[in-house]
Structure formats: C-alpha cells, structure tokens
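Open the model in a viewer and keep the selection panel at hand. The stops below say what to select next and what is there.

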Amino acid sequence: MFLYVDGSVADGEAGWGVVVIVETNWPSCQFVHCGWFGGSVCTEASDMAFIGAASKTNASAEMSAVAWAIAWVLQTRCTAKVVITGDNENAGGVAEGSKISTAEPTLGSVLHVLFLCARVRTELSWDHVPAHCGQPWNE
C-alpha cells in the first residue's frame, strides 16, 4: 500500500492531504486508487483534531499529512506493507526519528510516536519523491 502525503499553506490557512493507492497482483500487477482524505491543520488544543501543531505553516501541514496517514493505518488495522511517500524530507525524517522539528516540537513528537506504534503492527517506511516531478499522486 502506498500513501502519498502533502501539505501546503495559502492565505494564512494550512491544509494536508493523503491519497491511498493499493498494489494488486490480480489479474496482473496494477495500482488501484482507493481514495483520499484531508483536512486543515488544527492549532486549537481543545479541538478533537488537534495533534500538536503550534502554527499554520508548511512544516505543520507536511507533518500533519504524515501523522494523519499513519493514524489511518492504525485505525484500519492494516498489516500490509505500507510506504508513505511525500516530497518533504523533513516530515519523513521527523516521522522516522532521524530529524527533530524545532519549529513544531509537539507535533513532531506525536508524529514520531505514531510512526513507532504503526511499525509494531506493519512494515512501515518513508519514501521521498521530488516535488513537481510529474508523479501523478504527488501533484
């Protein structure tokens, strides 16, 4: 399974999105678009959608996309191999634990813990795709 993630900021609002793609072997190797989901970056601690973002920035949008993708993996009880693919190497590094977010420390910690929790259940990895390289699920 491939989860393509992205985040952005426009006019002071930050949003994120996830596209779900599944690789099948029937009748031959093909990729099936299973759906997408997304939302706004939440900075209000009292909101149920709050996952630690302190501000509505590109960094918080990119990390939120990865965090919500991993939360979806945990919610669906997925045991298949999952590759999260995005164009922001910092978000992937924070998830894996190779980087620390100084701009969004709480969101970064939540993201890393979600990544570790999901890896207990499934083979989870991060893959970088360059921005605007023509990869259809990342555009």
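Buried means under 20% relative accessible area, exposed over 50%, and partly exposed in between, with a 1.4 Å probe and protein chains only. The model is predicted, so local features need pLDDT of at least 70 and side-chain atom pairs count only at pLDDT 80 or more, while totals for chains, interfaces and linings use all residues. Residues are numbered from 1 along each chain as its sequence is written, and side-chain values use heavy atoms, with hydrogens and water left out.

**The sheet**

Start with the strands. Helices (H or I, at least four residues) and strands (E, at least two) are DSSP runs, numbered from the N terminus; two strands pair if DSSP finds at least two bridges between them. Five strands make an open sheet with mixed pairing, in the order β3-β2-β1-β4-β5. The edges are held by β3 (30–40) and β5 (124–128), each with a single partner strand, so one side of each has no neighbour in the sheet. On average, neighbouring strands of this sheet are turned by 20° against each other, direction ignored. For this and later angles, axes are lines fitted to C-alpha atoms, for helices over the stretch in contact, and angles run from 0 to 180 degrees between N-to-C directions.

Select β2 (residues 13–24) together with β3: the two pair in the antiparallel sense over 10 bridges. Ser 40, in strand β3, is the bridge partner of Gly 15. Is Ser 40 buried or exposed? Ser 40 is exposed, at 53% relative accessible area. Not counting residues up to four places away in sequence, Ser 40 touches Ala 14, Gly 15 and Trp 16, where contact means heavy atoms within 4.5 Å. Ala 103 is 63 residues from Ser 40 in sequence and 18 Å from it in space, C-alpha to C-alpha.

Next select Asp 11, in the loop between β1 and β2. Asp 11 is exposed, with a relative accessible area of 82%, and has a positive phi of about 55° although it is not a glycine. Most residues other than glycine have a negative phi.

**Strand β4**

Move to β4 (82–86). Five of its five residues are buried, so β4 is largely enclosed by the rest of the structure. In a regular strand the side chains alternate between the two faces of the sheet. Here Val 82, Ile 84 and Gly 86 are on one side and Val 83 and Thr 85 on the other, with both faces covered.

β1 and β4 run parallel and are joined by four bridges; Val 5 stands opposite Gly 86. On the other pairing, β4 and β5 are parallel over five bridges, and Ile 84 stands opposite Trp 126 in β5.

Stay with Thr 85, which is buried at 3% relative accessible area. Which residues does Thr 85 contact, leaving aside its neighbours within four places in sequence? They are Leu 3, Tyr 4, Val 5, Trp 126, Asp 127 and Val 129. Thr 85 and Val 18 are 67 residues apart in sequence, and their C-alpha atoms are 9.6 Å apart.

**Helix α1 and the loops**

Select α1 (residues 58–76), which lies across β1 (2–10), β2, β3, β4 and β5 and runs at about 150° to β1. In the loop between α1 and β4 is Arg 77, exposed at 66% relative accessibility. Arg 77 also has a positive phi, near 60°.

Thr 122 is in the loop between α3 (105–121) and β5. Thr 122 is buried at 6% relative accessibility. Not counting residues up to four places away in sequence, Thr 122 touches Val 73, Cys 78, Thr 79, Ala 80, Lys 81 and Val 82.

**Helices α2 and α3**

Finish with α2 (residues 89–96), whose buried residues are Ala 91, Gly 92, Gly 93, Val 94 and Ala 95. These pack against α1, α3 and β5. After α2 comes Gly 97, with a positive phi near 100°.

The axes of α2 and α3 are 7 Å apart, at an angle of about 60°. The two helices are therefore oblique to each other; angles under 35 degrees count as roughly parallel, over 145 as roughly antiparallel, 65 to 115 as roughly perpendicular and the rest as oblique. Ala 91, Val 94, Ala 95 and Glu 96 of α2 make the contact with Gly 108, Leu 111, His 112 and Phe 115 of α3.
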